[in-house]
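Thanks for making time for this one.

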Amino acid sequence: MKFLPSSFKNKTSIKKPVVIPSGKHTFERKFIEKGVIDILNRLKKNGYEAYLVGGCIRDILLGMKPKDFDIVTGAHPRQIKRLFSRCFLIGKRFRLAHVYISHDRFVEVATFRAASSEIKLPDGRVIQNNNIYGTIEEDVLRRDFTANSLYYNLSDSSIIDYTGGFKDIKKRVLRTIGDPSVRFEEDPVRIIRAARFCARFNFKISGSDYRAAKDKAHLIVQSNANRLLDELFKILKCGASARSFEYLDEFGVLSHWIPEILPLNKKSMLLQRLTQLDTARLDDVDFSNALLLTILFYDVFDNGISRDIKNPHDVFLAARDIFAPIATRMRIPKKDCDRICNILSRRIYFLDNLNKKYTPSFERRFTANEHFAEALKFYSLLAKVDANFSQGAFYWQKAKDSHDSKISYPSTRGKRTVNKKKKTKGKLTSPKTGDVQ
Ligand code: ATP
Ligand code: MG
């Protein structure tokens, strides 16, 4: 675990920003998509301040490709909507604009936000009002880490830095904006984000942030379960999930958030599976949410369901019972729970297949089932860390390849293509179900 001594304590105060001119940083206009430039230009032409902000600047300064570009502006949501024909406002309390730059891609355009204030309800309860528009100086104070708080000004290609984020990115230091204890208490999800950013970008966490993260880790139970689940998927997809979980454990978050996956140590099977997942993610291999959760929780099932249970349906039911309390607590959708249990119920077919040989008709049905592809992907990954699954994964990959090559698809003109190996006497087999149509 890397963290900095307390001499690095955050001394951020919002006064005048440091402006890093074009040429003194590596964020170039050519990295920005044309659709994004058009939005910025139109906002500016209409008299509104508008900047790129957050993750996209951080990623490019670190030499990485950003996932998306976020815009922040002085225009209010209704004013944004008036400027763009394909624009939708979302969010109940704080409204955001989604401006479409192609038929299926949009850019998030947010209005500068001010700090939240407390509202007293007639019944005495106090709620946070997060829905206050503000200035860029106020907007920056709401952001989580200095590295996420840089603004890019398209007009002169400068970067505006109110918090020292530019230097922190160069030094690869993660620190909250303001007092870390206050910021983590305000929103404990930031502790999880800290773990992900440290892992993904190989950042060191500042000493005071590290202590505050440990001190406030128990508050994670108060966070909204849907936000936590979103963060969990972000971690599992980020390409540094193994390191992220090590950080989360070090901060003491896991014992409150997902105690089922503890203990975590260098040799643990979970870290080995996550390392395999990270390698695949860095190659851009896609994983469904159900598959990601199976990778995460596999040991809970494996310890809970004897490998001697041969009947897949019994395994399905046992898996469902084991997973039910986790799924309820973490608000995992039922559809994903079913998919996870379906993957697990196929375990017996992937275990030690050395001496087994299934009939061609069973192979055809098994490989054509809608859950097979996910099961094969999971057990192939598992085989890389547990040799008991190597033969099975190999066997079913071969069976799939062989059956795939026998499937005939209708041509685009509606004519049948001829089966590569054997004619099917005029019948078509559906690639999805394997049923004869
Ligand atoms: P990535 O998209 O790679 O996860 P990001 O920094 O873009 O990283 P987002 O979740 O997309 O993260 O958030 C966009 C920006 O919103 C962040 O850069 C940060 O400035 C701000 N932000 C996000 N979550 C929080 C939070 N919990 N508290 C304060 N600011 C936040
Ligand atoms: Mg982002």
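Helices α13 and α18 cross in the right-handed sense, where right-handed is defined as the near helix being turned clockwise from the far one by less than a right angle, and left-handed as anticlockwise. This is a predicted model, in which local features need pLDDT of at least 70 and side-chain atom pairs count only at pLDDT 80 or more, while totals for chains, interfaces and linings use all residues. Residues are numbered from 1 along each chain as its sequence is written, with chains lettered from A and ligands numbered from 1 in the order in which they are written.

Back to the pair. The axes of α13 (residues 289-304) and α18 (residues 372-383) come within 10 Å and cross at roughly 30 degrees. Axes here are lines fitted to C-alpha atoms, for helices over the stretch in contact, and angles run from 0 to 180 degrees between N-to-C directions. From α13, the residues A290, L291, T294 and I295 meet E374, K377, F378 and L381 of α18; contact means C-beta atoms, placed from the backbone, within 7 Å. By class, that contact has five nonpolar, one polar and two charged residues. The classes are Ala, Val, Leu, Ile, Met, Phe, Trp, Tyr, Cys and Pro as nonpolar, Asp, Glu, Lys and Arg as charged, and the others, Gly among them, as polar.

Helix α18 also packs on α19 (residues 390-404), at an angle of about 145 degrees and with the axes 8 Å apart. That crossing is left-handed. L376, Y379, S380 and A383 in α18 meet a set in α19 that includes W396 and K400. Five nonpolar, four polar and one charged residue make up the contact of α18 with α19.

Now the chain as a whole. There are 19 helices and 12 strands, taken as DSSP runs numbered from the N terminus, with helices being H or I of at least four residues and strands E of at least two. Of the 437 residues, 34% are buried, meaning that 20 or more other C-beta atoms lie within 10 Å of the residue's own, against 12 or fewer for exposed and partly exposed in between, with C-beta atoms placed from the backbone. Among contacts with a separation of 6 or more, 65% join residues 24 or more positions apart.

Next, the sheet. Eight strands form an open sheet in the order β1-β10-β9-β2-β3-β6-β5-β4, with mixed pairing; a pair needs at least two DSSP bridges. At the edges are β1 (18-20) and β4 (87-90), each pairing on one side only. Neighbouring strands are turned by 35 degrees against each other on average, direction ignored.

Which residues of β10 are buried on its two faces? S158 and I160 are on one side, I159 and D161 on the other. Strand β10 runs antiparallel to β1 over three bridges, and V19 stands opposite I160. On the β9 side, three bridges again join an antiparallel pair, with N153 opposite S158. β9 and β10 form a hairpin with four residues between them, and S157 in the turn has a positive phi of about 55 degrees.

Last, the ligand. Ligand 1 is surrounded by 13 residues, the closest being G54, G55, R143, D144 and N148, where the cut-off is a C-beta atom, placed from the backbone, within 6 Å. The shell divides into one nonpolar, four polar and eight charged residues.

Technical notes. Two residues are in contact if their C-beta atoms, placed from the backbone, lie within 7 Å.
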